[in-house]
Amino acid sequence: MSAQTKTMPRPLAPSEEMPLNAAANKPTFAKTLGRLALYAAAITISLFFLVPIYLIFISAFSPQQAIFAYPKSILPQTLTAETMLFFWNARGVQSALLNSIIVGILTLVFSLLVGAPAGYALARFFFRGRDSYKMLILTTRAFPIVILSIPLAVNYIQWNLYDTLWGVAFAHTAMALPTTILVTSSIFIGVSRELEEAAQTLGCNRAQAFIKVALPLALPGLAAAAIFTFVLSWNETFAATILTQRNRTLPALVLSQIADVGAPLPFRYAAGFFLIAPSLLYIFFMRRYLLGMWGQVVK
Amino acid sequence: MATPQYTGDALAPPLTSPLTNKTFARRMESALPYLLLLPSMLFMLIFFAWPMVQALILSVRTPDGAWTMQYLERMVRDVNFTDALRNTFLIILIAIPLQFAFAIAMGLLIQAKLKGSALFLYFWTIPLAVSDLAAGLVWLAVFSDRGFLNSVLRTTGIMPIAFSWLSYENYGTLLMAVVIAEVWRATAIVMVIVVAGLQLIPDDYLEAAEVFGATRWQRLWHVTLPMIRPSLQVALILRTILAFQVFAVVIALAGRAMPVLASEAYNRYAELNPNGAAVYALLILTISLVTTGVYLRLLRTSEAEMGR
Amino acid sequence: MSEIRIQGVWKYFSKGKVAALKDVSLTVQDREFMVLLGPSGCGKTTLLRCIAGLEYPERGRIFIGGRDVTDEPPRKRKIAMVFQSYAVFPHLTVFENIAFGLRMQKRPNAEVKQRVNNAAGMMRIENFLERYPAQLSGGQRQRVAVARGLVMEPQVLLMDEPLSNLDALLRLQARAELKRLLQQVQTTTVYVTHDQIEALSMGDRIAVMENGAIVQVDAPTQVYDYPGSLFVGGFIGTPPMNFLRGTVKSMNGAFALNLGGQPIRAALPANVQAGQDLLMGIRAENIEASAQRSPDAVPARVLVVEPLGSHLLLTVQVGETPIKVQTRMDFNIAPDQTIYLRLEPKQVRWFDPETGVRYDASGSTELK
């Protein structure tokens, strides 16, 4: 044993025999400085995005007289729900909120019902006209669909869709549809075609293969696409304002209060925060999908 | 043993002859993709193509059915028309380059793999889900007369007298506020596209460039940016189109102090003048299409490059 | 009785512009293991998918067990298929993956359980039944895919390069296991591969495909020893068959082939005439290399020497043509030396240089 120890080459301990290379553990001064500059930039940018949200938050949760106070402090003296409650109890807000949710859900359902089959067809089949259809879908995005709500409103009056939640949902669906088609198409491309074929060799017909295999595997992606659509509808202001009169969605109500009535500042701040709050949560929970969703939108 | 027949070069019979195998089930099968596309086609026809035709009709025909140019003339002669046109273009010309510059810088910062980059990415993407209306209201809290900007300037003694940032008399600061709100809201979407594009660049390319002696800046300029150019181009087109519809941000910050094309359309509509509104819609539509055309022409890349 | 009969099948792609299968006819006997072998793009997978019913041939008919299945969907064909990517359902456990087909047939639970356990036992994955595919290795997933097919007791088992996604060592092991298993179950099998060693080692017969057509169907040894064409000889074997072009010359009343100025006496095919060009094919292992000059031997210049462990692989130049020669490891040779090659007369094959087709051996002028 001892003889062996002598003849065997001993592994080198660090700091013995072989010194560490100079740059191995200590970054150079210049590198550290560069790194610090990057952090400083990242933090500055973060502040640019976060500070306004903080300010609308403290505005929305200040008492009404604090909103008119001047100069006001960056640190709030008292936090109260008074302003938010004022907004919440303002005429039409609660029903507008309900309308927004209904329109969002309708939009989500319509755009999946109409868009997902098209996305599936683009993902699975090579048929004559496939490229032209894809081109057409891409081209529609070069059109200001929102603006088209003006002529649409004239049609809606004839079709009895004016000032209905259905009508707003249809308009929002038209806005979301190109994106839904492209996104669902890439979701279905992500589900291997061979899986559905395997199901078919194992006794499924086409529909069964889709329901038993492709659908469950596409579900997380489809859910993400659905929520994306909901947010789009939740945020849309122009078309919702044009297409409704009494049945306002929340952004339409807030906008018309500001533009036509000149709503007071507390109402505006509370509305601003109320509209933003869901997006904070949404981005937090969806952040894993963000790159996939919005990143893909351009392809 | 017989010599096997060599059929490797057999020619296909001309396809004009009828194919032998075509049953009803197979016909259905080949119709399936079209059936799947049909609902979306119909939907877009009703809610997209038809309103477009309708916009055209409304612009040139009176409710009585007479053809007319009066709506167009009235729009051009309107006091706010040139202002709206100028304001819209100014917002686009200032905000969009800023958005792209910031977005690329932010994308590269994310790629630099700083500690906490996931948190940074979360903060920077929050505006993705914020509506233009809400963005306008957020910055209203900053820029209003008794807002936080004036408060801070007063408390710190920089500017003791409150300044009306959003007054139509201070056109420069009003424009600046709108641009800042637009940059705040819409940079995130461009950044996400940049990050998604950057993540697709294989490390090999950058490492190869480094091995061949490219500096950090050369790598950015000659490898990274050219590789994300296609997605940047699409983003540029989409952002510009959306910017022509800029509306709620302006209303929230400026009210009627700053007319833009979309708000003029809204005003005509609110004045119960759908024809006047339709002319504006048609104008925005036309500008959008022309812009897309110009972009596509300017940004046209060679066939070989597109084939990447 | 589950023979597969393919009659004059044509399959077009790209809106009829490209024919992926050109008038393919093939009969796979009941319980036969048929390998479809060919380079990528030759149509072998398309043919397999036509048998499965996943592709629809525009012309021709396909029969399984005597029944015309051309117009039937996959689920009615009593086939099972193992996919190249395995296509194991990621959202189902191993058990539910294997049970999938039985569940579709609404078999009673007890039977499903018993048959799944049997199949899993056969593939030695009985310990993973509750796992999800993501928790399995590539080799285990491949076994799940095979078990999922076998559990159906199909009339026909179709396999699309089932081993190509395994790493080299695992593939060797899986190949032997799969062969043993398929001998055990004795199902009619069509097996697609581009790996000639897989084809030679596993198949009862091999159908070699090129450009959408079957160019030779034979037992593995026949395909190897008697390639039907230049293409088959060049595709099968490592290294591929050597081909030497020469002219037939009359020599002392017998025929000989003039190879770049060097006449070789060999058994020529029947009905050749002096002055005619021929291609001679011979495999590297059927050439004996020697450092000594001898009357029959062809001189050749050594270009490259590659020691491969079990033998030496030489690249030598005969006339203008480089060919491969296999020798013992201890053969002492260096590049640029001249060696002398003796071609094993019985292993020489002749091909028509124009069509590439091999001349029929039966009428050969063997040592006239």
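Visitor: Which residues does Tyr70(A) touch, once residues up to four places away in sequence are left out of the count?

Guide: In this predicted model, and with residues up to four places away in sequence not counted, Tyr70(A) touches Arg146(B) and Ser151(B). Tyr70(A) itself sits in the loop that runs between helix H4 (64–68) and helix H5 (82–88) of chain A.

Visitor: How many residues of chain A and of chain B take part in the contact?

Guide: Chain A contributes 75 residues to the contact and chain B contributes 77 residues. On the side of chain A that touches chain B, the largest share, 17 residues, comes from helix H14 (residues 265–296) of chain A. Sorted by class, that side of chain A holds 61 nonpolar, ten polar and four charged residues.

Visitor: How should I read the packing of two helices across these chains?

Guide: A pair of packed helices is described by the angle between their axes and by the distance between those axes. Here helix H8 (residues 149–159) of chain A packs with helix H12 (residues 274–298) of chain B at an angle of about 145°, and their axes are 8 Å apart. Ile150(A), Pro151(A), Ala153(A) and Val154(A) in H8(A) meet Pro274(B), Ala277(B), Ala278(B) and Ala281(B) in H12(B). By class, the residues of this contact comprise eight nonpolar, no polar and no charged.

Visitor: Which residues have the most contacts inside the largest nonpolar core?

Guide: That core has 279 residues, and those with the most contacts inside it are Ile56(A), Ile150(A), Trp139(B), Val178(B), Leu253(B), Ala281(B) and Ala207(C). The largest share of the core, 18 residues, is supplied by helix H7 (residues 171–199) of chain B. To take one of the residues named, Leu253(B) touches, among others and not counting residues up to four places away in sequence, Trp139(B), Leu140(B), Phe143(B), Val178(B) and Ala181(B).

Visitor: What secondary structure does chain A have, and how many of its residues are buried, as a percentage?

Guide: Chain A comes to 14 helices and zero strands, and 47% of its 299 residues are buried. Among the contacts in chain A with a separation of 6 or more, 74% are accounted for by residues 24 or more positions apart.

Visitor: How many helices and strands does chain C have?

Guide: Chain C has eight helices and 20 strands, and 44% of its 368 residues count as buried. Its C-alpha trace spans about 80 × 45 × 35 Å along the principal axes. The domain assignment gives domain 1 (4–235) and domain 2 (242–351), and the centres of these two domains, taken over C-alpha atoms, are separated by 40 Å.

Visitor: What is the strand order in the open sheet of six strands in chain C?

Guide: The order is E6-E7-E8-E3-E9-E10 (chain C), and the pairing is mixed. Strand E6 (79–82) and strand E10 (213–218) of chain C are the edge strands, since each pairs on one side only. From one strand to the next, the twist averages 20°. Within the sheet, strand E3 (residues 33–37) and strand E8 (residues 188–193) of chain C run parallel and are joined by five bridges, and Met34(C) has Val190(C) in E8(C) as its bridge partner.

Key. Residues numbered from 1 in each chain as written. Chains lettered and ligands numbered in written order. Predicted model: local features only at pLDDT ≥ 70, side-chain atom pairs only at ≥ 80, totals over all residues. Helix = DSSP H or I, 4+ residues; strand = E, 2+ residues; numbered from the N terminus. Buried ≥ 20, exposed ≤ 12 C-beta atoms within 10 Å, placed from the backbone. Contact = placed C-beta atoms within 7 Å. Nonpolar A, V, L, I, M, F, W, Y, C, P; charged D, E, K, R; others polar. Core = buried A, V, L, I, M, F, W, Y, C linked by C-beta atoms within 7 Å. Pairing = 2+ DSSP bridges. Axes fitted to C-alpha atoms, helices over the stretch in contact; angles between N-to-C directions. Domains from an automatic or database assignment.
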